[in-house]
Amino acid sequence: MDNQQRKLEEDLIWLGGFWCGEGTVTLTYRHKWRGRYSALTPLLSIVNTEKALMEDAFSLFDRLGLAYYRQCVYTERDRQTGRKARYSLIVAGMKRCVKTLAYLTPVLRGCKKQKAVDLAAFCASRLAKPPNAPIDAREIELAEAIREGKFDSKSLTDYTPDSAT
């Protein structure tokens, strides 16, 4: 194994530990909004106030060719109260999360690893169907596991618009 490959493996292990401690693996849930139906969107994020740590994470994502959204939040109120800026790395969407989880899942531990496995299964199931296909019982089960019971399946009745049925 050459030094570059070893460095990449070490960096991925570091990212796994950082993500286990500071990161989020979840599904976001949106109710009906502007005439559109409810949606479940996979989300991977990590937020921290240490710029150097976040720069390392951004750099690793860039080296791997992973798509992400980078954000720095530092408001006037933060300045006045002496709070630090908060840096975020956000990955949202089925395809982006699947690609990221391929690197992240093997280096996660504990409940974050199980959530990552469940999220990958959820994304694979949704990507195998047409975009407006109704959510099935297995996907609801995965969503409940990922969101730790904070998911109301009764409010997500159908992705299909009334005009399509």
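The model is predicted: local features need pLDDT of at least 70, side-chain atom pairs count only at pLDDT 80 or more, and totals for chains, interfaces and linings use all residues. Residues are numbered from 1 along each chain as its sequence is written, and side-chain values use heavy atoms, with hydrogens and water left out.

**Cavity**
- A search of the whole structure finds one cavity of 30 Å³ or more (a set of points on a 1 Å grid over the protein atoms alone where a 1.4 Å probe fits but cannot get out; lining residues have an atom within 4 Å of a point).
- Helices α1 (3-22), α2 (51-64) and α4 (94-104) each supply at least two of the lining residues, and α4 has the largest share, with three (helices are DSSP runs of H or I, at least four residues; strands are runs of E, at least two).
- By class, seven lining residues are nonpolar, one is polar and none is charged (Ala, Val, Leu, Ile, Met, Phe, Trp, Tyr, Cys and Pro count as nonpolar, Asp, Glu, Lys and Arg as charged, the others as polar).

**Nonpolar core**
- The largest nonpolar core has 36 residues, and W19, L44, L89, L119 and F122 have the most contacts inside it (a core is a set of buried Ala, Val, Leu, Ile, Met, Phe, Trp, Tyr and Cys residues joined through side-chain atoms within 4.5 Å).
- Helix α2 gives the most to this core, six residues.
- Leaving aside neighbours within four places in sequence, L119 is in contact (heavy atoms within 4.5 Å) with V25, T26, L27, P42, L43, L44, L101 and I146.

**Salt bridges**
- The structure holds nine salt bridges (a side-chain nitrogen of Lys or Arg within 4 Å of a carboxyl oxygen of Asp or Glu).
- E50 and K84 form one of them, at 3.3 Å, N to O; E50 lies in the loop between β2 and α2 and K84 in the loop between α3 (76-81) and β4, so the pair ties together parts 34 residues apart in sequence.
- E139 pairs with K129 at 3.1 Å between the closest N and O atoms; E139 is buried at 0% relative accessibility, whereas K129 is partly exposed at 24% (buried means under 20% relative accessible area, exposed over 50%, partly exposed in between, with a 1.4 Å probe and protein chains only).
- R126, K129, D136 and E139 are linked in a network of salt bridges.

Conventions
On a 1 Å grid over the protein atoms alone, a cavity is a set of points where a 1.4 Å probe fits but cannot get out, and a pocket is an open set with protein on both sides within 12 Å along at least five of seven lines; lining residues have an atom within 4 Å of a point. Grid points are joined across faces, edges and corners, and a volume is the space filled by probe spheres set on the points.
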